[in-house]
Amino acid sequence: MRWSKSVRALLLLASLSAMGPASAQPPADAWRLRIESGAVHRWRADIDAGDEFERDVWSVRLGADRVLAPDLRLGLSLGYDERDYRFHGATGFGARAPWSDVRELRLSGSLSWKADERWNLFAVPTLRWFAEEGADLGDGQIAGLLAAASYRVDERLSIGPGFGVFSALEDTTDWFPILAIDWQLTDTLALRTGGGFAATQGPGLVLDWRPTEHWALTLGARYEKARFRLDDSGIAVGGIGQEISVPVYLGATRTFGSQLSLSLIAGVEFAGELRLEDADGDLIDKTHYDPAPFGGATLDLRF
């Protein structure tokens with residue numbers, strides 16, 4: 001059975017769950033559960049020598065969080081993503097088709113601590129297993145940490161520095177800065193640190209406008225970096241594939257009560273780069289791809 005069929009079954013299960021009757025809100029100190037599922041298609045992008053490639057992403061995530069104390073919150077999350085790459089062309093990356101279906105399994109926690117009336121600290125440790133279908137997921141294991149300290153300037157603005165640090169597949173360390181911000185510009189408009197659909201490594205920002213109780217419109221951008229282990233049958237046996245891009249997107253979210261929301265997103269990926277390395281992390285080839293549109297939908301159920 002292909003992994004994609006399993007993922008689509010999970011997405012269908014999440015969708016059917018969301019169609020059931022809503023349950024009562026849990027007590028404040030109880031575990032709150034969340035199911036997120038979605039899919040995004042990125043249309044063909046031109047790469048070198050007239051070649052092209054396209055990509056589909058399927059994702060499902062199960063999460064839970066609980067208030068441990070008035071100033072302390074704990075969260076846990078388990079997610080699975082699949083990226084389906086399709087290369088087209090006669091030369092370069094298109095002819096090589098260096099990878100196809102790539103799987104990612106994620107296990108993460110989150111800890112948020114309100115140190116005092118001004119400072120809030122949070123940390124998100126993560127384990128990821130990122131590998132092409134046919135490769136051992138254990139060969140694509142990556143560990144990382146996101147952490148930040150946010151200072152409440154006033155009732156509308158909280159801001160502070162942070163960082164991300166991740167191990168890499170070739171036994172090096174990758175780190176990047178983060179800006180933690182929550183700025184309520186008006187009663188309906190806010191600027192926040194953003195995540196993104198099936199987010200990998202990298203920070204982002206989102207401008208969030210809520211014109212009505214049930215609708216939200218977003219403008220977001222983030223830096224995406226995905227590195228994964230390749231299988232033993234391609235041109236780079238046991239090697240490493242990498243994709244980097246900067247997606248800029250618009251989103252529309254409709255909430256149905258306090259538990260269910262449906263989001264549609266559309267945007268363009270800029271600054272795209274594909275990189276192929278051998279098993280030791282030495283460069284074999286790399287190329288850039290032109291800006292390309294993408295679109296999709298996500299479903300979020302909380303109970």
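Asp-56 is in contact (heavy atoms within 4.5 Å) with Val-40, His-41, Glu-82, Arg-83, Asp-84 and Arg-86, when residues up to four places away in sequence are not counted. The model is predicted, so that local features need pLDDT of at least 70 and side-chain atom pairs count only at pLDDT 80 or more, whereas totals for chains, interfaces and linings use all residues. Residues are numbered from 1 along each chain as its sequence is written, and side-chain values use heavy atoms, with hydrogens and water left out.

Asp-56 is placed in strand 2; helices (H or I, at least four residues) and strands (E, at least two) are DSSP runs numbered from the N terminus. Because its relative accessible area is 17%, Asp-56 is classed as buried, the classes being buried under 20%, exposed over 50% and partly exposed in between (1.4 Å probe, protein chains only). Two polar contacts of its side chain are found, where a polar contact is a pair of N or O atoms within 3.5 Å; within protein, one must be able to donate a hydrogen and the other to accept it, and residues adjacent in sequence count only if both atoms are side-chain atoms. One is made with the side chain of His-41 at 2.5 Å, and another with the side chain of Arg-86 at 3.0 Å.

Salt bridges were assigned where a side-chain nitrogen of Lys or Arg lies within 4 Å of a carboxyl oxygen of Asp or Glu. Under this rule, 28 salt bridges are counted. Asp-300 and Arg-34 are paired through their side chains, with an N to O distance of 2.5 Å. This pair connects distant parts of the chain, since Asp-300 belongs to strand 16 (residues 292-302) and Arg-34 to strand 1 (residues 32-46), 266 residues apart. Asp-300 is counted as buried because its relative accessibility is 9%, while Arg-34, at 23%, is counted as partly exposed.

A salt bridge also joins the side chains of Arg-55 and Glu-269, with an N to O distance of 2.3 Å. Here too distant parts of the chain are linked: Arg-55 is in strand 2 (residues 52-69) and Glu-269 in strand 14 (residues 260-277), 214 residues apart. Arg-55 has a relative accessible area of 6% and is therefore buried; Glu-269 is buried as well, with a value of 5%. Arg-302 forms a salt bridge with Asp-300, the closest N and O atoms lying 3.7 Å apart. With a relative accessibility of 38%, Arg-302 counts as partly exposed. Through shared partners, salt bridges unite Arg-44, Glu-52, Glu-54, Asp-56, Asp-84 and Arg-86 in one network.

The secondary structure of the protein chain comprises two helices and 16 strands. Of its 303 residues, 43% count as buried. Among contacts between residues at least 6 apart in sequence, 56% join residues at least 24 apart. The accessible surface of the chain amounts to about 15,200 Å², with 62% belonging to carbon and sulfur atoms; accessible areas come from the Shrake-Rupley method with a 1.4 Å probe, and for residues only the protein chains shown count as cover.

In soluble globular proteins, nonpolar side chains tend to be buried together. Nonpolar cores were defined as sets of buried Ala, Val, Leu, Ile, Met, Phe, Trp, Tyr and Cys residues joined through side-chain atoms within 4.5 Å. The largest such core contains 17 residues, and those with the most contacts inside it are Phe-53, Phe-87, Trp-99, Phe-228 and Leu-274. Two or more residues are given to this core by each of strand 3 (72-88), strand 12 (224-229) and strand 14. Beyond its neighbours within four places in sequence, Phe-87 contacts Ile-47, Glu-52, Phe-53, Phe-93, Gly-94, Ala-97, Pro-98, Trp-99 and Leu-274. A second, separate core of six residues includes Ile-142, Phe-166, Ile-178 and Ile-240.

Leu-157 lies in strand 7 (residues 157-167) and is buried, with a relative accessible area of 18%. Its contacts, not counting residues up to four places away in sequence, are with Tyr-151, Arg-152, Ile-181, Asp-182 and Trp-183.
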